[in-house]
Amino acid sequence: MLPSNSKVLAQKVKKCLLTLAHHHNASHVGGALSIADVLSVLYSRILKYDTSHPKWEERDRLLYSKGHACTALYAVLKEVGFYTDAALQTFTQNGSLFTSHVNHKVAGVELSTGSLGHALSVACGMALAGKRKKTDWHVYTIVSDGELNEGSNWEAILFAPHHELNNMTLIVDFNKIQSFGTIKEVLDLDPLKDKFNSFGWDTIEIDGHNHSEIYEALRKDTIHGSKPRVVIAHTVKGKGVDFMENQLAWHYKSPNKEQLESAIGQINQQK
Amino acid sequence: MRTAFIKQLVEAAKTNNKIFLLVGDLGYSVVELFAQQFPDRFLNVGIAEQNMTGIAVGLAMEGYNVFTYSIGNFPTLRCMEQIRYDMCYHNANVKVVAVGGGYAYGALGTSHHTTEELGMLRTIPNLNVLAPADPLEAQIITKMLCNNNEPSYLRLGKAGEPMVHSKDKTFSWGNIIEVFQGKGTAVLSTGSMLKYASDYIQKEKKEYGLYSVPFIKPLNLVDLATIASKYTSIITIEEHQRSGGFGSAILEGLHDLLEQEKIATLPKIKRLAIPDRFIGVAGTQDYLRKIAGLQL
Ligand SMILES: Cc1ncc(C[n+]2csc(CCOP(=O)(O)OP(=O)(O)O)c2C)c(N)n1
């Protein structure tokens with residue numbers, strides 16, 4: 001059953017990922033919060049999937065390249081019913097498939113990631129297969145901004161328009177911070193929109209926390225022409241929790257009990 | 001180990017202005033010590049390890065002794081061709097440093113399990129392959145790397161590993177390091193398995209001898225011959241796949257010694273290593289070692 005309200009889903013996802021990070025002392029909560037809204041819109045209003053048949057042929061494919069921010073993906077997959085909360089609570093424990101970089105052995109996860117800069121090439125291969133086999137499904141890929149430092153991504157960015165892969169959408173979680181500094185300090189991406197345009201992509205820029213903008217940008221029925229589509233989602237690392245927003249430290253830290261309570265309180269206020 | 005490494009690198013950089021540190025967008029709360037004191041010889045190149053390796057070679061060609069620093073598979077497997085062709089064929093003075101060797105980052109999953117790189121790197125000519133066992137070995141070897149010009153790979157663990165050796169232990173380049181002598185069986189350990197091996201042998205009151213082998217390549221065949229003539233059986237232990245890694249190096253070395261008639265017989269050899277599979281689950285380092293069968 002599809003959750004109809006992306007905002008309700010987003011609130012659940014954020015609370016779930018914060019709680020996971022707290023209980024299991026996990027990192028990368030900032031980058032999980034920055035993408036939680038996009039994931040919630042995808043799983044409530046965009047993607048075709050069947051939680052009782054994760055490998056259903058007709059499903060849309062979602063590749064999550066920023067595998068370090070796994071808590072957001074694991075949380076949304078749980079909230080829509082791919083597995084139980086009890087299963088998810090084994091996260092990072094001995095023997096658990098819920099490793100703290102995304103693991104394809106978990107139901108609903110297409111590709112194991114965590115080494116940055118891999119998924120977009122795989123997405124190109126899937127989209128190419130979709131073209132050759134004339135299928136209807138769509139391939140979505142989420143990359144982080146820092147990840148665009150990797151040359152492998154730019155090889156795929158060249159490839160997709162050349163092969164007219166208009167059955168794929170790339171989403172850039174542009175939260176402006178990477179691991180050891182801001183994007184501006186480490187390796188500037190601007191002007192990112194112009195770069196994608198000049199590589200032959202259909203480029204859309206949105207507020208990555210505004211659900212109607214996310215929805216409009218990711219719909220499949222608005223794709224015309226032969227270009228692949230990229231959605232540059234301007235986001236805030238740590239979105240929704242005042243002491244986490246735009247703080248590099250929250251790439252690493254996990255919230256203690258008081259911080260968790262405060263964070264959940266703040267998320268509860270957001271409608 | 002990573003703390004011992006960075007401290008020693010900072011020490012060396014104070015008097016050696018050729019030392020240059022490149023990081024692949026990590027090192028938060030580790031490399032600041034270096035970055036702040038030597039901003040002219042530090043750069044975060046971004047999340048771009050292949051580019052980082054090439055840049056390191058360029059800097060080395062202009063006279064620097066360059067250390068590249070990232071996690072496990074990223075500065076190694078990701079960059080195999082840059083390492084082989086740019087760095088090793090040109091004999092460039094680059095030191096590839098990986099943190100999180102073996103299952104040190106256990107819960108992080110397969111992307112962060114660093115369990116194939118020794119075998120892959122060991123096949124490359126001109127490259128030294130080094131896996132220290134504790135902070136002392138890491139510190140001494142880092143010092144050596146600051147003073148030589150040879151392409152090298154340094155596998156480190158994480159932070160906070162216990163010391164196995166006493167503080168005043170010394171060794172020279174290439175040595176197989178004796179931890180204690182024994183009878184019948186010698187355990188040869190590389191990297192941070194040493195602590196486990198040492199604890200096990202003492203707790204179980206085994207008569208095994210124990211040796212640490214941080215220099216996987218070049219492997220010291222003279223030291224190996226001495227050990228082989230003292231013991232009838234050898235157990236190797238490593239946090240790495242079974243094929244191509246440390247145990248394989250010992251097997252090859254011993255067989256070469258036999259063929260060259262430097263030893264009269266082969267000891268019985270047992271290799272403890274990961275049995276050619278991915279451990280696709282989370283867990284502590286100890287847990288993952290156990291399910292991979294790295295048990296004496
Ligand atoms: C190939 C590779 N290099 C380095 C890392 C270590 N690492 C993990 S997250 C990260 C960067 C995080 O910044 P960003 O990519 O912008 O992600 P976000 O801000 O969305 O969390 C790095 C360098 C990695 N996982 N993979």
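Predicted model: local features only at pLDDT ≥ 70, side-chain atom pairs only at ≥ 80, totals over all residues.

Student: OK. Where does the ligand lie?

Tutor: The ligand is found between chains A and B.

Student: How many residues surround the ligand, and which are the closest?

Tutor: There are 24 residues around the ligand. The closest are Gly114(A), Ser144(A), Asp145(A) and Lys237(A), together with Glu49(B).

Student: And what's that shell made of, by class?

Tutor: The shell around the ligand has 10 polar residues, 9 charged ones and 5 nonpolar ones.

Student: What does the side chain of Lys237(A) have an N or O atom 2.7 Å from?

Tutor: An oxygen atom of the ligand. On chain B, an N or O atom in the side chain of Glu49(B) is 2.6 Å from a nitrogen atom of the ligand. Ile177(A) uses its backbone instead: one of its backbone N or O atoms lies 3.0 Å from a ligand oxygen atom.

Student: How much of the ligand's accessible area does the protein cover?

Tutor: On its own the ligand has 580 Å² of accessible area, and the protein covers 98% of that.

Student: Switching to pockets. How much space lies in the second largest pocket?

Tutor: About 550 Å³. The second largest pocket has 31 lining residues. Nearest its centre are Ser115(A), Asn73(B), Thr110(B), Ser111(B) and Phe278(B).

Student: Which classes do the residues of that lining divide into?

Tutor: In the lining of the second largest pocket, 17 residues are polar, 10 are nonpolar and 4 are charged. Domain 1 and domain 2 of chain B each supply at least three residues to this lining.

Student: Where are those domains in chain B?

Tutor: Domain 1 of chain B runs over residues 2–156, and domain 2 over 177–292. Their C-alpha centres lie 25 Å apart.

Student: How many residues of the two domains are in contact?

Tutor: In chain B, 29 residues of domain 1 are in contact with 31 residues of domain 2.

Student: Last topic. How many cavities of 30 Å³ or more does a search of the whole structure find?

Tutor: The search finds 1. About 40 Å³ of space lies in the largest cavity.

Student: Which residues line the largest cavity?

Tutor: The lining consists of Met1(B), Gly101(B), Pro132(B), Arg155(B), Leu156(B), Gly157(B), Gly191(B) and Ser192(B). By class, the lining of the largest cavity has 4 polar, 3 nonpolar and 1 charged.

Conventions
Residues numbered from 1 in each chain as written. Chains lettered and ligands numbered in written order. Heavy atoms only, no water. Near = heavy atom within 4 Å. Polar contact = N/O pair within 3.5 Å; in protein donor to acceptor, adjacent residues only side chain to side chain. Areas by Shrake-Rupley, 256 points an atom, 1.4 Å probe, with all protein chains shown as cover. Nonpolar A, V, L, I, M, F, W, Y, C, P; charged D, E, K, R; others polar. 1 Å grid on protein atoms, 1.4 Å probe; cavity = no way out; pocket = protein on both sides within 12 Å on 5 of 7 lines; lining within 4 Å. Points joined across faces, edges and corners; volume = space filled by probe spheres on them. Domains from an automatic or database assignment. Contact = heavy atoms within 4.5 Å.
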